[in-house]
Amino acid sequence: MEGTAVVTGASSGIGEAIARQLLNSGCTVVALQRRAPRLEHPQLRFYAVDLADAAVASRVANEVAARHPVRYLVNNAGVNRPGLLEQATVDDIDYALAVNVRAAVILTQAFVPGMRAARFGRIVNISSRAATGKTGRTAYSAAKAGLIGLTRTWCLELAAAGITVNAVAPGPVATELFDRGHPPGSAKRQQVIDSIPVKRVGTPDDIASSVLFLLSPDSGYITGQTLFVCGGTSVSGTGGE
């Protein structure tokens with residue numbers, strides 16, 4: 001792959017794996033998040049940005065669009081404010097929507113003009129198996145389901161310009177955050193594993209490989225789709241993060 005890819009939330013976990021695989025494929029990667037990435041690579045660029053701040057996110061996105069020929073965009077950054085319905089606050093919902101949904105809109109608006117001019121673009125939104133419903137995820141499931149709706153709408157609006165838009169919806173993945181809440185060897189982690197049809201937790205590279213498939217120039221006939229990379233949890237109706 002050639003060109004510049006923007007990845008949000010590439011400081012760890014799934015975003016880091018996506019950025020690493022893109023760099024290995026030959027892309028220049030622009031990482032957008034608050035913390036500097038741990039990755040080191042001559043083709044990696046980093047812009048510090050709080051994606052929850054709409055004005056800052058818009059300013060940085062437009063700056064990146066002016067400096068880089070962005071042809072690939074992965075809206076990966078996300079936040080989870082767990083809580084049952086009665087516990088969910090307006091702040092929880094606003095924050096989840098700001099980072100997961102509003103930031104994706106702002107960045108996509110900034111980079112689509114360049115994709116239109118090039119007659120080529122690939123956009124992947126990172127949703128979640130929780131978009132199909134998960135206890136204690138009022139804010140998170142709403143935001144991740146919102147990304148699926150945006151994916152389908154943008155597909156219709158952008159397909160004729162040579163731009164595809166798809167979503168990847170991970171199930172349980174062994175990120176640092178997941179490991180803190182489900183320590184290796186713990187009963188809680190085993191309970192999650194037992195609920196997954198393939199009987200293992202996914203890895204960040206499992207998700208990244210699926211994202212790179214959808215970003216590939218060879219995937220131009222796939223758009224508007226949501227790919228569940230979840231070990232079967234979207235079918236079984238259990239598990240998921």
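Arg81 pairs up with Asp91 in a salt bridge, with 3.1 Å between the closest N and O atoms; the term here means a side-chain nitrogen of Lys or Arg within 4 Å of a carboxyl oxygen of Asp or Glu. By that rule the count is eight salt bridges. Keep in mind that this is a predicted model, where local features need pLDDT of at least 70, side-chain atom pairs count only at pLDDT 80 or more, and totals for chains, interfaces and linings use all residues. Residues are numbered from 1 along each chain as its sequence is written, and side-chain values use heavy atoms, with hydrogens and water left out.

**The Arg81 pair**

- Arg81 sits in the loop between strand S4 (70-75) and helix H3 (90-118), while Asp91 belongs to helix H3, so the bridge links distant parts of the chain, ten residues apart. Helices (H or I, at least four residues) and strands (E, at least two) are DSSP runs, numbered from the N terminus.
- Arg81 is partly exposed because its relative accessibility is 26%. The cut-offs for relative accessible area are under 20% for buried and over 50% for exposed, with partly exposed in between (1.4 Å probe, protein chains only).

**Other salt bridges**

- Side chains of opposite charge can pair when their charged atoms come close.
- Asp179 bridges to Arg189, and their closest N and O atoms are 2.8 Å apart. This pair also links distant parts of the chain, ten residues apart: Asp179 is in helix H5 (residues 176-181) and Arg189 in helix H6 (residues 187-195).
- Asp179 has a relative accessible area of 26%, so it is partly exposed, whereas Arg189, at 13% relative accessibility, counts as buried.
- Asp206 and Arg200 form another salt bridge, with the closest N and O atoms 2.9 Å apart. Both ends are partly exposed: Asp206 has a relative accessible area of 27%, and Arg200 comes in at 41% relative accessibility.
- Glu16, Arg38 and Glu176 are tied together in a network of salt bridges.

**Around Pro217**

- Pro217 lies in the loop between helix H7 (204-215) and strand S7 (226-229).
- With a relative accessible area of 43%, Pro217 is partly exposed.
- Leaving aside residues up to four places away in sequence, Pro217 touches Met1, Tyr72, Phe120 and Arg122, where contact means heavy atoms within 4.5 Å.
- The C-alpha atoms of Pro217 and Ala143 are separated by 28 Å, and the two residues are 74 residues apart along the chain.
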